[in-house]
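Biologist: Can you take me through this model? I'd like the overall layout, then a couple of residues.

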Amino acid sequence: MLSVCEHCDAVYLKTALRRAERAYCVRCGSELYAERAGQYEALLPIVLAAFIVFLISNAFPIVTMEIQGQSTQTTVWQSVVVLANEGMLPVAALVFATTIFFPAAEMLLLLYVLVPLALGRVAPGFGLVLRAVRIGRPWGMIEVFLLGIIAALVKLSTLADLVPGMALWSFGILTVLLALVLRVDPKGLWDQAERCER
Ligand SMILES: [Zn+2]
């Protein structure tokens with residue numbers, strides 16, 4: 001394969017780089033291409049952490065409400081069930097899809113690819129799974145859910161005593177972790193997969 005310098009148009013024959021190596025143009029010194037396989041390594045710990053935080057977010061209540069001495073707690077799943085029972089099925093489905101299903105699917109699919117890769121193997125259906133992650137990504141909208149919850153809580157706070165639950169904090173952390181996952185260049189995964197198959 002050939003590589004052309006973007007700055008001075010010098011043409012080079014591409015050679016395989018070792019991890020974290022970069023190729024520079026001899027004539028003008030600008031970077032030609034880089035080995036990105038190393039970048040993917042940050043991804044596995046972030047996705048694992050995100051998945052654990054996701055489980056916590058769903059296991060613990062988002063908020064505890066006290067109205068006239070009675071206290072009630074709500075988890076995400078309970079709020080989905082309540083919405084469905086109140087006849088708001090489309091809203092319930094939307095909350096379930098954007099807050100539970102798509103984020104969980106993204107993390108599980110990434111783990112399916114990342115864990116074997118860390119062991120030097122390429123999972124069956126590697127390319128297909130990465131494509132599915134990319135297609136499903138816009139549907140995971142935890143931050144929208146989080147903003148909705150905060151807006152609702154601010155309104156409710158005049159009617160009831162509210163204590164933010166563990167899940168409210170962990171959803172905030174999850175939003176940050178998922179944003180970090182988005183920042184990693186998926187090309188690094190492809191580079192690493194090629195290296196494993198060689
Ligand atoms: Zn050059």
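Modeller: A definition comes before anything else: helices (H or I, at least four residues) and strands (E, at least two) are DSSP runs, numbered from the N terminus. This is a predicted model, in which local features need pLDDT of at least 70, side-chain atom pairs count only at pLDDT 80 or more, and totals for chains, interfaces and linings use all residues. Residues are numbered from 1 along each chain as its sequence is written, and side-chain values use heavy atoms, with hydrogens and water left out.

Biologist: Residues 166–184, how far apart are the end C-alpha atoms?

Modeller: They lie 28 Å apart, and that span is 95% helix and 0% strand. For residues 76–102 the end C-alpha atoms are 14 Å apart, with 89% helix and 0% strand.

Biologist: Where does UniProt place the "transmembrane region" feature?

Modeller: The unreviewed UniProt entry puts it at residues 42–64, 76–102, 108–130, 142–160 and 166–184. UniProt positions are given in the numbering used here, feature names are shortened, and annotations may be inferred rather than shown by experiment.

Biologist: How many helices and strands in the protein chain?

Modeller: There are 7 helices and 7 strands. In sequence order the pattern is β-β-β-β-α-β-β-α-α-α-α-β-α-α.

Biologist: What radius of gyration does the protein chain have?

Modeller: The protein chain has 23 Å, while a compact globule of 198 residues would be near 16 Å. The radius is taken over C-alpha atoms, and the globule rule is 2.2 Å times the number of residues to the power 0.38. Along the principal axes, the C-alpha atoms fill a box of roughly 75 × 35 × 25 Å.

Biologist: New topic. L110, buried or exposed?

Modeller: L110 is buried, at 5% relative accessibility. Buried means under 20% relative accessible area, exposed over 50%, and partly exposed in between (1.4 Å probe, protein chains only). L110 sits in helix α3, residues 89–118.

Biologist: Which residues is L110 in contact with, leaving aside neighbours within four places in sequence?

Modeller: V47, L130, V133, R137 and V181, where contact means heavy atoms within 4.5 Å. L110 and V47 are 63 residues apart in sequence, yet 7.4 Å apart in space, C-alpha to C-alpha.

Biologist: And where is the place of T75?

Modeller: T75 is in the loop between β6 (70–74) and α2 (76–85). T75 is buried too, with a relative accessible area of 12%. Apart from neighbours within four places in sequence, T75 is in contact with N58, A59, F60, P61 and I62.

Biologist: What share of the 198 residues is buried?

Modeller: Buried residues make up 39% of them.
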